[in-house]
Amino acid sequence: SIACPDSMSEPPTLDSLAAEVAALKATSLGTNAQALDAFYLLVCGVFVFFMQCGFALLEAGSVRTKNTKNILLKNLLDACLGAIIWWLWGMGVAYGDSGDYDDGNEFIGTAPNNGGPFAAAGWEGRDWQESGGEYYGYTMALWFFQYVFAAAAATIVSGAVAERAQLIAYLIYTTIITGFIYPVVVHWVWCDGGFLSGGFTGDKDKTWAGGCIDFAGSGVVHMTGGVAALCGAFVIGPRAGRFDESGKVMPIPGQSTPFQVVGTFILWMGWYGFNPGSTLGITPAGYGTIMARAAMCTTLSAAVGGITVVFFDRIFSKTYDVGMVCNGILAGLVSITAGCATVHPWAALVIGMIGGLVYRGCSHCVLHKLKVDDPLDSSSVHGACGAWGVIAAALLTTEEFAAAAGYQRRAGLFYGGGKLLGAALLQMVCILAWSGTNAGLVFLLLKKAGKLRRRETYMAAAPEEDLDSSIHGGAPLEPAEHGSGNTSRAESVDTSDPVIEMPDATPDKDQPAA
């Protein structure tokens with residue numbers, strides 16, 4: 001440690017202070033930098049993991065009471081199933097060995113001789129012992145950090161198909177999104193050797209236009225999940241009663257505005273692990289500044305997004321809709337995620353404001369023009385605003401901030417650069433094609449097999465969905481005079497799937513038009 005000079009000592013000079021700093025670098029603080037970075041990743045990862053609680057509250061507040069247990073179970077299983085998948089093969093598909101730059105796979109991660117990240121096979125044994133565990137300790141922290149990102153991407157879809165999807169269908173498409181669709185996109189953008197990786201691929205000649213800037217995942221996480229959500233909501237069809245016979249939108253209010261608001265605040269808090277944590281460390285020089293800039297830009301974009309949406313929604317709806325404010329905040333958060341470390345704070349305000357407008361316009365178009373029932377506006381908040389976030393980073397990134405964040409010293413279009421925009425457009429097209437094609441195929445196959453939607457909800461004239469009573473043993477909060485769902489379940493609830501006679505026509509034709 002630095003000794004405090006007493007009154008008889010000479011005052012410190014620049015040379016003496018420099019010597020003290022050099023001595024500090026030789027202490028355990030310097031040698032354990034990797035351990036500190038691992039701890040930083042774990043803390044930020046816990047923030048992101050807690051976003052699952054935010055998603056759960058937001059989704060539970062946005063659905064009807066009779067489907068609360070169903071949506072909460074799916075959120076729980078997202079975290080459980082996602083962890084197993086990410087350990088077995090998800091991390092390997094995302095960050096597996098890409099070979100050398102001459103013959104490496106720029107599309108998908110593969111397993112090296114020792115297995116690498118597949119089931120963590122390469123993170124044990126002699127290599128572990130020779131390294132003292134430090135390098136692999138950081139790698140396991142990185143695994144956890146990337147796992148919670150993958151879980152967030154999968155959870156985006158659950159809100160779009162809420163109150164309709166069978167549990168088995170949800171488990172199938174969660175497995176495919178977490179284990180295949182999402183990690184392939186990660187490999188493109190965030191892995192050394194990926195053809196869109198502006199920050200990790202060392203030889204930029206192997207990237208398209210030098211790669212894109214997507215610092216924390218507006219495109220990788222949110223657009224990927226949002227596109228899949230739109231496909232799911234379109235294929236599964238609207239909830240019974242969402243549209244009348246003429247196609248007019250009918251209101252289906254959620255059960256709890258307080259749940260929505262608390263869930264939004266938790267998600268906002270979690271974003272401080274999502275965006276600042278994407279430095280992937282804290283000890284390298286300049287990383288503290290990047291982290292702080294990301295936190296400031298995240299805050300400003302979220303705030304102006306909520307204000308913008310409530311202002312414009314008031315003009316068109318004549319009301320102050322709390323749910324719209326929540327989604328406006330989330331729209332601002334999604335929009336700034338790509339460029340949070342590479343733009344000025346004033347630019348974050350612009351990005352968040354436009355993000356709120358993008359959300360408001362896309363939400364209206366999806367529901368009223370396309371007739372797609374997305375109960376949580378997942379496709380608009382995450383898909384449309386994720387795409388805007390990628391474009392915004394390509395427009396407003398500065399050379400100085402890009403270089404500090406680990407990218408090439410390139411500026412966005414508004415600062416005289418043009419290649420970033422080309423790479424951003426390619427990223428959007430690739431994600432749209434990859435996520436849309438694969439997710440659409442999965443949902444169509446599930447629908448064809450009769451496993452996508454609850455049988456009793458295929459018919460517009462059938463009783464409305466009550467998933468909690470039919471498969472989860474009763475409502476989450478039953479009145480006291482009827483007893484709790486747990487104590488009265490055997491006597492009052494038939495947990496078997498209801499059997500509804502279907503007409504000769506295929507069930508899908510009896511749904512309201514999507």
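Which residues does Tyr173 touch, not counting those up to four places away in sequence? Val157, Ser158, Val161, Val442, Phe443 and Leu446. Touching, or contact, means heavy atoms within 4.5 Å.

Some ground rules. This is a predicted model, where local features need pLDDT of at least 70 and side-chain atom pairs count only at pLDDT 80 or more, while totals for chains, interfaces and linings use all residues. Residues are numbered from 1 along each chain as its sequence is written, and side-chain values use heavy atoms, with hydrogens and water left out.

Now the core. Tyr173 is among the residues with the most contacts inside the largest nonpolar core, along with Tyr147, Phe149, Tyr182, Trp188 and Phe274. That core has 112 residues. Its largest share, 15 residues, comes from helix 6, residues 134–160. Another core lies apart from it, with six residues, including Ile156, Ala229, Ala233 and Val366. A nonpolar core here is a set of buried Ala, Val, Leu, Ile, Met, Phe, Trp, Tyr and Cys residues joined through side-chain atoms within 4.5 Å. Helices are DSSP runs of H or I, at least four residues, numbered from the N terminus.

Stay with helix 6. Trp143 lies there. Buried or exposed? Trp143 counts as buried because its relative accessibility is 18%, and the cut-off for buried is under 20% relative accessible area, with exposed over 50% and partly exposed in between (1.4 Å probe, protein chains only). Beyond its neighbours within four places in sequence, Trp143 contacts Ala83, Trp86, Trp87, Met91 and Trp123. A polar atom of the Trp143 side chain sits 3.4 Å from the backbone oxygen of Trp86. Tyr95 is 48 residues from Trp143 in sequence, and 9.8 Å from it C-alpha to C-alpha.

Next, helix 7, residues 167–190, which holds Thr174. Thr174 is buried, at 1% relative accessible area. Its side chain makes a polar contact with the side chain of Asp78, at 3.5 Å. Polar contact means a pair of N or O atoms within 3.5 Å; within protein, one must be able to donate a hydrogen and the other to accept it, and residues adjacent in sequence count only if both atoms are side-chain atoms. Leaving aside neighbours within four places, Thr174 contacts Asp78, Leu81 and Ala154.

Last, the surface. Phe39, Val43, Phe47, Phe50 and Met269 form a nonpolar patch with about 430 Å² of accessible area together (Shrake-Rupley method, 1.4 Å probe; for residues, only the protein chains shown count as cover). Helix 3, residues 33–62, gives the largest share, four residues. Phe47 is in helix 3, and counts as partly exposed because its relative accessibility is 33%. Patch residues have over 30% relative accessible area and no salt bridge; like charges are joined within 9 Å, nonpolar side chains (Val, Leu, Ile, Met, Phe, Trp, Tyr) within 5 Å. A salt bridge is a side-chain nitrogen of Lys or Arg within 4 Å of a carboxyl oxygen of Asp or Glu.

Technical notes
Helices (H or I, at least four residues) and strands (E, at least two) are DSSP runs, numbered from the N terminus.
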